[in-house]
Amino acid sequence: ASEKAKLVKLADKICNLRDILASPPAHWDVDRKLAYFQWAKEVVAGLRGVHPGLEAAFDDLEARRDEVR
C-alpha cells in the first residue's frame, strides 16, 4: 500500500480504538472489543515506520485495552 493509504489505515485504527473506549457499540461484548484491539494491533504492526507520532498515539490507546472490561 502507498504511504498515504497506510496513514489513512493507521488513523482509522486510532479513531476506532478511541470510539471503542469512549462509546463502544452496544451489542459488542468484552471479548469482541478485546478481539478488535488485538486485530488492530496486528494490522498496525504492518504499518510501522510510516508516522511515529500516529504510531505512538495508537500505542497509547492500545495500552488502555483493559479499560473495555
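Which residues does lysine 33 touch, not counting residues up to four places away in sequence?

1. Lysine 33 touches Ile20, Pro24, Trp28 and Val68 when residues up to four places away in sequence are left aside; contact means heavy atoms within 4.5 Å.

2. This is a predicted model, in which local features need pLDDT of at least 70 and side-chain atom pairs count only at pLDDT 80 or more, whereas totals for chains, interfaces and linings use all residues. Residues are numbered from 1 along each chain as its sequence is written, and side-chain values use heavy atoms, without hydrogens and water.

3. The protein chain has three helices and zero strands. Helices (H or I, at least four residues) and strands (E, at least two) are DSSP runs, numbered from the N terminus. Lysine 33 belongs to helix α2, residues 30-45.

4. Lysine 33 is buried but has no salt bridge. Buried means under 20% relative accessible area (1.4 Å probe, protein chains only); a salt bridge is a side-chain nitrogen of Lys or Arg within 4 Å of a carboxyl oxygen of Asp or Glu. The nearest side chain of opposite charge is that of aspartate 29, 7.5 Å away; Lys and Arg count as positive, Asp and Glu as negative, while His and the chain ends are not counted.

5. Of the 69 residues of the protein chain, 28% count as buried. Among contacts between residues at least 6 apart in sequence, 67% join residues at least 24 apart.

6. The C-alpha atoms of the protein chain fill a box of roughly 35 × 20 × 15 Å, taken along the principal axes.

Note on methods: Buried < 20%, exposed > 50% of the residue type's maximum accessible area, 1.4 Å probe, protein only.
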